[in-house]
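Me: I'm new to this one. Can you walk me through it?

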Amino acid sequence: MAKVEPGMESMLEMYIFETNTLLEQLDEILLRTEDANVFSQEDINEIFRIMHTIKGSSAMMGFENLQHLAHKGEDMFFVIREKPEIAKDAHFVYELIFEVSDLYKAEIEYIQNTGDDDYTPTDFSETFHKLEEATEKLKAMENGEAPSASASSAPAASAPVPAAAAEEGSMTVRVFFEDGCKMENLRAFLLLTKIKDEAEVISCTPPDVESNADTAKDIIENGFLVTFKGFDGNNDAVIKTIEGAVNVESYEIIDTPAAPAEEKPAAVAQTAPAAPEEKAPVQEKAPAPAPAPAAKPEAPKAAVAKAQDDIKKANGGQKQSLISVNLSKLDTLHDIVGEIITTESMVIANPDLEGLELESFSKAARQLRKLTDELQDTVMSIRMVPLAGVFQKMGRIVRDMKIKLGKDAELVLEGETTEVDKSIVDNLNDPLMHLVRNCMDHGIEDDVNTRIAAGKPEKGTVKLSARHSAGEVIITVSDDGAGINCAKVLEKAKKNGILTKPENEYTTKEIQNMILLPGFSTNDTVTEYSGRGVGMDVVRSNIEQCGGTLNVESEEGKGSSFIIRIPLTLAIVEGMKLKVGNTIFTVPISSIKESLMVANNQLLHDTKQGEMIMIRGVCYPILRLHEKFNMPTEVTKLEDGILLLVDVGGKNVCLFADKLIGEQPVVVKPFPKYLSQYNIKAQGLSGCTVMGDGTISLIIDVNNLIS
Amino acid sequence: MSENYNDKLQELLNTQKAMEDARKDPQNTVITKVLTFFIGDQVYGIEIPEVIEIIEVPPITAVPGVPSYIKGIINVRSKIVPVVNIRSRFGKEEIPFNDRTCIIIVSTGEVSVGLIVDSVADVVPVTEQHISNTPDLTGVNSNRFIKSILEMSDGIKLVLDVSKLIDEHAAEEFK
């Protein structure tokens, strides 16, 4: 079966994006309300809005199963809306809605990943039943607690209820859609959904727009009749909604609310062309009507146009200032900016200009430099997104695991507004999920009494924090649980045969970092969440993929922390150029502490003839780049070259190079694919960059260089 | 005189017919074009669709930790391309670069590689009759990267299989 109707493919991406966003919002609201254990009217309305939108757009895309799922969910919340108190302590409601949300996510992923012809809609009937049962249960609870409440409650939202008697303050409107806009019935349904946000819908004709595609024809011929009564008697808002709705060509207000109820859909079809004339006098909308009574004064036709203009203006002013852009466009923009920066240095540092005194040129060049810097910052900031989105998803994991594992724990978020590059955020989701699961599963003690005995609060804490530090973002996932049992880790490592030296030579830190090795898992039994021994090394490789590092810190009995360090941006760094032989290396300025010339008397030699230098009373090892990279050079005496003191995560090393060339912002390019089979990164090179004169410079990754 | 003229006309028509017949013959259909180049005295070829461009040797930036036949990386209009010296790749001695040395950039889908060759020769059209079947020398090293052998009036040309040349697994076996 084809996934979507022909012509709708282009909408699919938008649909998936929108629905995912809505589901995230839904999860967020549910987590909040579950914590507070009460639904506020606002929350319920928001949930309704989300469900409606999903239902509507699913229907438009032709995903019937998804549409019905949302519909059933809506039914359940309909009961809750009537009496929010009944949802108090009703955990099954949350369970169900979370299940629905998960089903949605799974189905959407499925839609996204399957080919057009392989797609078969998943059967949700089991969940339908559960939802129906829950709805019944809620209804029973509602009736049991307050039998009188249901009497005044509104009829089920989507069921067409003939309004035989004209209700006070109600209004009937006939809506015509634009010619040839297609799927009029669904557009009518969407409109109906929107109206429901503003008013109580009493009836509509045809009644079954949502499920019956044949009604589209009726709607084309006779328009879509809807009778409603605005909340607080405010029908204007509804009219505005109708005016603002997509594809609505025209509408008319009919002041006989009883009329639509008498008409049967079949009858409409027969008497089609004459139908509008048979109606009672048609009312035009006044420019600024008071809360609408059933009968309204006549207003000149011209006023309608004016009113519409006013509304358009009003809508224009409120347009949101956010747009969603395809990431590939941003990537292209980013690449172009990278090219501009390279080209800029090609022009400014052009060899033809060497030795020339060009006052106005350098002035203009400085100006250009300033602008390209700004351009670069702006492009970078476009790609920056706060970590909040990823962090908040973890709330859901903690909640689910809390229930499954029977542990009491809370998730504390810190610094979630910290922004990092979008591509990094996408890569962080899985590692963080693994880490949070690990904290919940292994970290927090199984037995509450153990915690109490250790003088810790009964409720465990999993903390996610993020902060900036010198061109890096540091994300920490920590728990106040049992910590890493070094003896157990060592024993396990011995069993798995990953020890490379005698047991007693391992330091605590080394043992702790063993858990990051492939195939390591201390959990004796494989649980749903962890124990397969694939987690941690996947986490590490995921993080390394986006240029980051992962470290473990743990104190037995106090808890453990996993520290992720990732570069703020991947692409453009301020670099210092070094010459070694014929090769130009670039060292990121953020890792350089100082550069110095050396005098012979500062040098020391250790037992293995390793060179060291004493600077202000501190000893630093010297790493000769030409030896490390096996590059021939004439400068081999330390006094002739230059030393560069670099600092990585507390470790300091002096790099020896022939000479310094100068600093320049460089665009980091990855090594070509062909070379990826040779582990160049492990050599201490993170990538390469094209310099102003078109030659290539290798970028040194000080972190890997030292380790 | 008129008879003579008729004879000549007949002759001309015959030649034309012969040429047309030759063109129709599948043996003579041009199936591909091959860029030929020299490594020492031997002529090699690469099929034109796999060739991106031919450039002079720019400054090459050496990269540590790679096999010696990978000379380093070059910048081709802001694209970073690795370069392989065909001589050392085939186990021949490297010679210093001269005026005629150039780099042929080849590509198989995602991967682009520059090949350092002694000099490029020509682009020759290849017809069915030029191709002699590659002798089945499985396991013999020199045959690894050869896709087909062309027998032409001016000598034998070896057409390289670029994807095998780029694919490191083939190279491992080569060792």
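This is a predicted model: local features need pLDDT of at least 70, side-chain atom pairs count only at pLDDT 80 or more; totals for chains, interfaces and linings use all residues.

Reply: Here is a quick tour, chain by chain and then in detail.

Me: Okay. What secondary structure does chain A have?

Reply: Chain A has 23 helices and 23 strands. It runs to 707 residues, and buried residues make up 34% of them.

Me: And chain B? How many helices and strands there?

Reply: Chain B comes to four helices and 11 strands. Of its 175 residues, 26% count as buried.

Me: Switching to the inside. How many residues are in the largest nonpolar core?

Reply: That core has 71 residues. L655(A) and L115(B) have the most contacts inside it.

Me: What does L115(B) touch?

Reply: Leaving aside neighbours within four places in sequence, L115(B) is in contact with V84(B), I86(B), I103(B), I104(B) and V106(B). Another core, of 37 residues, lies apart from the largest one. Its members include V398(A), I424(A), L550(A) and I566(A).

Me: Why would nonpolar side chains be buried together?

Reply: As a general point, that is what nonpolar side chains tend to do in soluble globular proteins.

Me: Now helices. How do α2 and α7 of chain A pack?

Reply: Helix α2 (residues 41-61) of chain A meets helix α7 (residues 184-198) of chain A at an angle of about 175°. Their axes are 10 Å apart. That angle is why α2(A) is roughly antiparallel to α7(A).

Me: Which residues make the contact?

Reply: From α2(A) come R49(A), H52(A), G56(A), A59(A) and M60(A). From α7(A) come L186(A), F189(A), L190(A), T193(A) and D197(A). By class, the contact has five nonpolar, three polar and two charged residues.

Me: And α3 with α4 of chain A, at what angle do they pack?

Reply: The angle between α3 (residues 64-82) of chain A and α4 (residues 91-113) of chain A is about 165°, with axes 11 Å apart. So α3(A) is roughly antiparallel to α4(A).

Me: Is the crossing left-handed or right-handed?

Reply: Left-handed, where α3(A) passes α4(A). L66(A), L69(A) and G73(A) of α3(A) make the contact with I97(A), V100(A), L103(A), Y104(A) and E107(A) of α4(A). Those residues divide into six nonpolar, one polar and one charged.

Me: Buried or exposed?

Reply: S101(A) is buried, because 20 other C-beta atoms lie within 10 Å. Not counting residues up to four places away in sequence, S101(A) touches L23(A), L26(A) and D27(A). The C-alpha atoms of S101(A) and L22(A) are separated by 9.8 Å, though these residues are 79 residues apart along the chain.

Me: Another serine, S112(B). Where does that lie?

Reply: S112(B) is in strand β7 (residues 111-117) of chain B. It counts as partly exposed, because it has 19 C-beta neighbours inside 10 Å.

Me: What is S112(B) in contact with?

Reply: Leaving aside neighbours within four places in sequence, I52(B), V81(B), I105(B) and S107(B).

Me: Last topic. Which loop holds R616(A)?

Reply: R616(A) is in the loop between β17 (611-615) and β18 (618-624) of chain A. R616(A) has a positive phi of about 45°, although it is not a glycine. R616(A) counts as exposed, because it has 4 C-beta neighbours inside 10 Å.

Me: What about the phi of N630(A)?

Reply: N630(A) has a positive phi of about 55°, and it is not a glycine. N630(A) lies in the loop between α22 (625-628) and β19 (642-648) of chain A. With 10 C-beta neighbours inside 10 Å, N630(A) counts as exposed.

Technical notes
Residues are numbered from 1 along each chain as its sequence is written. Chains are lettered from A and ligands numbered from 1 in the order in which they are written. A nonpolar core is a set of buried Ala, Val, Leu, Ile, Met, Phe, Trp, Tyr and Cys residues joined through C-beta atoms within 7 Å. A residue is buried if 20 or more other C-beta atoms lie within 10 Å of its own, exposed if 12 or fewer, and partly exposed in between; C-beta atoms are placed from the backbone. Two residues are in contact if their C-beta atoms, placed from the backbone, lie within 7 Å. Axes are lines fitted to C-alpha atoms, for helices over the stretch in contact, and angles run from 0 to 180 degrees between N-to-C directions. Helices (H or I, at least four residues) and strands (E, at least two) are DSSP runs, numbered from the N terminus. Angles under 35 degrees count as roughly parallel, over 145 as roughly antiparallel, 65 to 115 as roughly perpendicular and the rest as oblique. Ala, Val, Leu, Ile, Met, Phe, Trp, Tyr, Cys and Pro count as nonpolar, Asp, Glu, Lys and Arg as charged, and the others, Gly among them, as polar. A crossing is left-handed if the near helix is turned anticlockwise from the far one by less than a right angle, and right-handed if clockwise.
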